[in-house]
Amino acid sequence: MAILKLYTYPDKILRQKCEPVAAVTDDIRRLMDDMLETMYADKGVGLAAPQVGIAKRIIVVDDKVSEDGEPGPNPRFLVNPEIIRKSEDTIWFNEGCLSLPGQCAEVERHCAVTVRYLDYDGKEQTLDAEEYLAVILQHETDHLDGILYIDRLSRLKRNIIIKKLQKQSGE
Ligand code: NI
């Protein structure tokens, strides 16, 4: 396995609509393994392929990562994930993103979602998720459509974060 380069704001790859994966091949599995290792190395709980420079519809998620970045027992690999049901109830959650380092903000999300996807073996699955896991799944599937959590904030809050990111990167 390998740790991949993380692409950060304002890289154009983060704004691309990603292509569906035609088949879950060994190459795709290798990519997913590397994405998971990259995510753990950065103490993340989710990572989408465009964040490692690949415009394909793939996400990896682990909602049970410990605070010091220790993997949970059940990391998830989701290929071509699609949210097929979402609750009307919403939840506010303090979100961060490895592509927007050092920043976070409260984002409104659906409380529960059902996601259909292909698993590590290419089998179709559905996953019912609530609260934390549901929030991660919404954040990561957004990435596949070029959407970042800052797009879901008021313009004022978004601009504050963008200014901080620009300052950080010395622009
Ligand atoms: Ni993110």
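## Aromatic pairs, a nickel site and a helix

A search of the whole structure finds 2 aromatic pairs. Here, rings of Phe, Tyr and Trp (its six-membered ring) pair if their centres lie within 6.5 Å; planes under 30 degrees apart count as stacked, over 60 as edge-to-face and the rest as tilted. The model is predicted: local features need pLDDT of at least 70, side-chain atom pairs count only at pLDDT 80 or more, and totals for chains, interfaces and linings use all residues. Residues are numbered from 1 along each chain as its sequence is written, and side-chain values use heavy atoms, with hydrogens and water left out.

**The aromatic pairs**

F77 and Y120 form a tilted pair, with 4.7 Å from centre to centre and 50° between the planes. F77 belongs to strand β3 (residues 76-86) and Y120 to the loop between β6 (112-118) and β7 (124-130), so this pair ties together parts that are 43 residues apart in sequence. Helices (H or I, at least four residues) and strands (E, at least two) are DSSP runs, numbered from the N terminus.

The rings of F93 and Y132 have centres 5.5 Å apart and planes at 20°, so this pair is stacked.

Buried means under 20% relative accessible area, exposed over 50%, and partly exposed in between (1.4 Å probe, protein chains only).

| Residue | Relative accessible area | Class |
|---|---|---|
| F77 | 15% | buried |
| Y120 | 26% | partly exposed |
| F93 | 24% | partly exposed |
| Y132 | 33% | partly exposed |

**Charges over rings**

A charge sits over a ring if NZ of Lys or CZ of Arg is within 6 Å of the ring centre and within 35 degrees of the ring normal. K5 lies over the face of Y7, at 4.4 Å from the ring centre. Y120 has R29 over its face, at 6.0 Å from the ring centre.

**The nickel site**

Which residues are the protein donors of the nickel ion? They are C97 (SG), H139 (NE2) and H143 (NE2), lying 2.1 to 2.2 Å from the ion. Donors are N, O and S atoms within 2.8 Å of the metal (3.2 Å for Na, K and Ca); water is not among the atoms, so sites may look incomplete. Along the chain, the donors follow the spacing C-x41-H-x3-H. C97, in the loop between β4 and β5 (104-110), and H139, in helix α2, link distant parts of the chain, 42 residues apart. C97 is buried, with a relative accessible area of 10%, and H139 is buried at 7%.

**Helix α3**

The 14 residues of helix α3 (residues 155-168) should span 20 Å at 1.5 Å a residue, and the end C-alpha atoms are 20 Å apart, which agrees. The expected span is 1.5 Å times one less than the number of residues in the helix. The buried residues of α3 are I161, I162 and L165. Seen down the axis, these buried residues fall within an arc of 100°, so they line one face of the helix; the arc is that of the directions from the helix axis to the C-beta atoms. The buried residues of α3 pack against β5, where contact means heavy atoms within 4.5 Å. On the other side of α3, L156, K163 and K167 are exposed. G170, which follows α3, has a positive phi, near 75°.
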